[in-house]
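Subject: Structure handover

Hello,

Here is the structure for you to look at. My notes on what was found follow below.

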Amino acid sequence: MAIIQFPEGMKWGTATASYQIEGAVNEGGRGTSIWDTFSKTPGKVVNGDNGDIACDSYHRYEEDVELLTDLGVDVYRFSVAWPRIFPNGTGEVNQEGLEYYHRLVDKLIEKGIEPMCTLYHWDLPQALEDKGGWNNRETIDAFVQYAELMFNEFSGKIKSWLTLNEPWCISFLSNYIGAHAPGNKDLQLATQISHHLLVAHGLTVKKFRNLGIEGKIGFAPNTTWLEPYSNRQEDIDACNREIGWYIEWFMDPVFKGNYPEFMLDWFKKKGVQLEIKDGDMEAIQQRVDFLGINYYTGHIARYKENSGLLDWELVEMNYDRTDIGWPIFPEGFYNVLMRIKESYGDIPIYITENGSCYNDEPENGQVKDNGRISYLQQHLTALSRAIASGVNVKGYITWSLLDNFEWAEGYSMRFGIVHVNYRTLERTKKDSYYWFKQTIANNWFEN
Ligand SMILES: CCOCCOc1ccc(-c2cn(C[C@@H]3NC[C@@H](O)[C@H]3O)nn2)cc1
């Protein structure tokens, strides 16, 4: 057995997102989002599930904050539903929406928990989508306007901000692969949207600085790792293309001021013509105070000509998998963090999402989710390796506090350390909740 010790001052937390937990989609003046539309489009979400009720956290936020308080977290990462603030994306501000988030933030502060606010976690106002969504550069301006209002409204209360959650999912998963809202399948569109997202991020950081808002700001790309099947250059290059699609494509512009040439060349070969306006790259390259990193899984892969977008194929290694089918690959977590350190230096990093899907149900009031505890142990050990290797990790935020609406998987896949009965909305602390609580209290665990 080994003691895995974390640095003094390490921040611990849990994460959620507005559309996934709030419910109350027609209450408090909220406008329609693209996920309301997408989830009610037949065939898009397992079992036809939607976020109408979800965990009902709009009404039960005090119960959720009690769970956070008992857990002993330092930070709670939540997201704001843009359609609660600007029901039509721009124009009239909805005071009821602001009031809900003041209630939540005030309760967190009362309990000594730092609110970390994600401004955009995928619930774009439908009114903006109707005008082209993220493909329309006017949405960039609308986002900066929304962010400015939030900065001014919550200045002094919220001191940790994230502009975007998982821009790869917002752009490529949602507009090329088509698995998420709004469900387009167009590489040119998706790639142009990825650029607009980065411009929106940069202009928002610039606004944050110009307003002189107290606190720190970053963004939260999602990552993955493909380990080459062999040391053949073609296998290494193929894996680096997939890794680069998540990491370098979104981080090079922010930290280096340019897109990675190898990815630009590849997209050009696929017919993409990226439109970059004068000043865009300078806008994107604003200094961020920290980098959020989301990591779930990785694979072994090798080159395969004309296979998918990036010419690679998975090699099945029969790794254990979580209930959503993702391989348990903690080495990939270490490798992602080392790649980021090598590429971008000592930018402070918060793990803003890491967690696992296990669909264990309560038995006599207990949820024995040993798989989730094992996943946490493996990935926190990988994290401790990265810290020992010099990666500047400031905090770890697990996904998620609650079982919730897992996008296209609906409620069929559970990521929470707290079980939610979607009929009664009763919360039940899982065994992983108690394990995480002890780890937070100790700032170490025994492997
Ligand atoms: C090749 C075909 O692929 C089709 C599906 O492809 C993906 C990829 C990635 C995901 C995914 C889901 N999550 C967890 C969420 N992160 C944010 C938070 O809201 C969590 O709910 N991370 N990544 C889903 C589907």
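The model is predicted. I begin with Glu406, which touches Gln20, Trp399, Met413 and Phe415, not counting residues up to four places away in sequence. Glu406 sits in the loop between strand 11 (393-399) and strand 12 (418-420). Its relative accessibility is 12%, under the 20% cut-off, so Glu406 counts as buried.

Tyr296 belongs to strand 8 (residues 290-303). With a relative accessibility of 12%, Tyr296 counts as buried. Its side chain makes a polar contact of 2.5 Å with the side chain of Glu353. Leaving aside neighbours within four places in sequence, the residues in contact with Tyr296 include Glu166, Trp326, Tyr375, His379, Trp399 and Phe415.

Strand 8 leads on to strand 6. The two run parallel and are joined by 2 bridges, with Gly218 opposite Phe290 of strand 8. Strand 6 also runs parallel to strand 5 (residues 160-165), here with 4 bridges, and Leu162 stands opposite Gly218.

Strand 6 (residues 216-220) is largely enclosed by the rest of the structure, because 5 of its 5 residues are buried. Both faces are covered: Lys216, Gly218 and Ala220 are buried on one side, Ile217 and Phe219 on the other.

Regards

Terms used:
Residues numbered from 1 in each chain as written. Predicted model: local features only at pLDDT ≥ 70, side-chain atom pairs only at ≥ 80, totals over all residues. Heavy atoms only, no water. Buried < 20%, exposed > 50% of the residue type's maximum accessible area, 1.4 Å probe, protein only. Contact = heavy atoms within 4.5 Å. Polar contact = N/O pair within 3.5 Å; in protein donor to acceptor, adjacent residues only side chain to side chain. Pairing = 2+ DSSP bridges.
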